[in-house]
Amino acid sequence: MTGTGAGTDAGTGTGTAVGTAARVRAGTAADAGAGAGGTAGASRTTVALTLISAVTAIALMNYTTPMLTLPGMIASFGTPLSAQAWLLNGTPLGLAALLLVAGSLADDYGRRRLFLTGTLALGVTTLLGSLATTTLLFTLARAAQGMASAAIITSGLGLIVHAFPPGHTRIRATGIWGACVSGGIALGPLLAGVTAGLGWRAVYVVLGAAALLAAAFVPRVLKESRAPRPGRPDLLGALTLGLASVSLLAALTLGRDGWLRAPVWGLLAATVVLAGAFVLVERRGEAPMLDLGLLRHRGFLAATSGALFTGVAVIGLFSYLAALIQSTLGLGTLGVAWLFVLWAGTGFVVALQARRLAGRVGARHQLALGFVLSAAGVLTMLGALNAGSWPRLVPGLLIAGVGNGLLNAALPQLSVESVEPQRAAMGSGANNTARYIGSSAGVALSIAVATSATGETPAKALAHGADHALLVSAALALLGALVTLALRDRRDPVARR
């Protein structure tokens, strides 16, 4: 958040961490001698943390809003079933395509600069999305919103890491940031429910205006920081990764109409080729988006795989669950929104309090516990939609909400601990890229599984399919827990930080 500008950080990445620590010590000394200066510094840091967390929450509200506006958009656009995943996946696709390069740009050219650019772009593209008249135009607007959110998430977390030294203060700051991720996830559908009477476009107008308003405060509240490297931005890496993500998502979306068709296999093959090209580009580039040497560190692998499984198993399912509840139980938009708040709101409270686990439960074990609780909550919801009973969903939503909170608190901590301080935005970008590639795949998978079942009526068929999607989500969450626990190496100096 607060930084010292380009001069301090331009010399060396190590200087970033040393300079931050020196500033903290200086602030402490000033506080001891003359409390007003230290108090003012702490107050500025608190205000900056509040602004970064608030803008992050707006980005996540934008991300989750389609969970409740999906039926209205489908009716407005006449979207066929085979294309409905794109309405949900536009934003995570943009996030996945730009998160890594956004992290590198933030570190190299200024974290505040990219944070401001992302906030302004989020406001403009969200307002443009409210004017969309077709599925294609809305999906393109959502992809642009995802790219803007990528700039916000990576640079925001990088600013926080720059301002707070390792230890309790950083754990507290990243915990608050993670809680605001959960808070944004909860508030998006709730805002959609409150504004439902005005039509599905109204919520995007509100969110766009909120982002533009927040952007006005960024130059006044945040100070610039950077840790530049030699070389040009890795645009070729961004292109190959983005195309690989699009290809994978398209294959998963088309697969629901038949997995053995030539277009599906062609897209999957293209995904493999493009992923291979991305690896080659990163190996040969002067300033790669992703330092492939990090793949030798189990701490980095634990953070990245944890984010991937969070996207596939948790975000993917819950992005579509609200639409499933509406279609099978017949609840109104606001009623579904309040059910969703039970899950995401519980996650917000738990993520906010998770910092109290510091020193007693490691972030990796906290992540594994979050996966286990998410699986337990999802399994508790089995049969509820078939029985037509929304109260049966409540215990599972609460249990899964606790798991979600632990995941959202542990992931940002792991992502910044698994890289050097001067590469904090890149670490955040890699972590969130994995999360949103996973969520894109998870949404497409959940829709494919839920809509492939049969039943006496369309609603009954969807209820049966929902149970299948719940089982798949639980299995993937448990697999995520096992992978996270297996990735442990005490000899790894980065993982121990």
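This briefing describes the helices, cores, cavities, pockets and selected residues of one protein model.

The model is predicted, so local features need pLDDT of at least 70 and side-chain atom pairs count only at pLDDT 80 or more, while totals for chains, interfaces and linings use all residues. Residues are numbered from 1 along each chain as its sequence is written, and side-chain values use heavy atoms, with hydrogens and water left out. The protein chain has 20 helices and 0 strands; helices (H or I, at least four residues) and strands (E, at least two) are DSSP runs, numbered from the N terminus.

**Chain as a whole**

- Of the 497 residues in the protein chain, 58% are buried. Buried means under 20% relative accessible area, exposed means over 50%, and partly exposed lies in between, with a 1.4 Å probe and protein chains only.
- The protein chain has an accessible surface of about 18,700 Å², and 69% of this belongs to carbon and sulfur atoms. Accessible areas come from the Shrake-Rupley method with a 1.4 Å probe; for residues, only the protein chains shown count as cover.
- Among contacts in the protein chain with a separation of 6 or more, 84% are between residues 24 or more positions apart. Contact means heavy atoms within 4.5 Å.

**Nonpolar cores**

- The largest nonpolar core has 106 residues, and Phe318, Trp343 and Leu393 touch the most other members. A nonpolar core is a set of buried Ala, Val, Leu, Ile, Met, Phe, Trp, Tyr and Cys residues joined through side-chain atoms within 4.5 Å.
- Helix H13 (residues 298-329) provides the largest share of this core, with 15 residues.
- A second, separate core has 11 residues, among them Ala238, Leu241, Leu290 and Phe300.
- Neighbours within four places in sequence aside, Phe318 is in contact with Met67, Phe340, Trp343, Val378, Met381, Leu397 and Ala400.

**Cavities**

- There are 8 cavities of 30 Å³ or more in the structure. On a 1 Å grid over the protein atoms alone, a cavity is a set of points where a 1.4 Å probe fits but cannot get out, and a pocket is an open set with protein on both sides within 12 Å along at least five of seven lines; lining residues have an atom within 4 Å of a point.
- The largest cavity holds about 60 Å³ of space. Grid points are joined across faces, edges and corners, and a volume is the space filled by probe spheres set on the points.
- Its lining consists of Tyr63, Pro66, Met67, Leu88, Asn89, Pro92, Arg142, Ser319 and Val443.
- Helix H4 (66-77) and helix H5 (84-109) each supply at least two residues of the lining of the largest cavity, and H5 gives the most, with 3 residues.
- By class, the lining of the largest cavity has 6 nonpolar, 2 polar and 1 charged residues. Ala, Val, Leu, Ile, Met, Phe, Trp, Tyr, Cys and Pro count as nonpolar, Asp, Glu, Lys and Arg as charged, and the others, Gly among them, as polar.

**Second largest pocket**

- The second largest pocket holds about 540 Å³ of space.
- Of the 24 residues lining the second largest pocket, Leu241, Phe278, Thr433, Ala434 and Ile437 lie nearest its centre.
- Helix H11 (235-255), helix H12 (262-284), H13 and helix H18 (424-450) each supply at least two residues of the lining of this pocket.
- The lining of the second largest pocket divides into 18 nonpolar, 6 polar and no charged residues.

**Selected residues**

- Ser247 is in helix H11 and counts as buried because its relative accessibility is 6%. The C-alpha atoms of Ser247 and Ala269, 22 residues apart in sequence, are 8.9 Å apart.
- Thr174 is in helix H8 (residues 168-194) and is buried, at 1% relative accessibility.
- Ser374 is in helix H15 (residues 363-380) and is buried, with a relative accessible area of 4%.
- Leu352 is in helix H14 (residues 333-353) and is partly exposed, with a relative accessible area of 26%. Leu352 and Gly178 are 174 residues apart along the chain, and their C-alpha atoms are separated by 7.5 Å.
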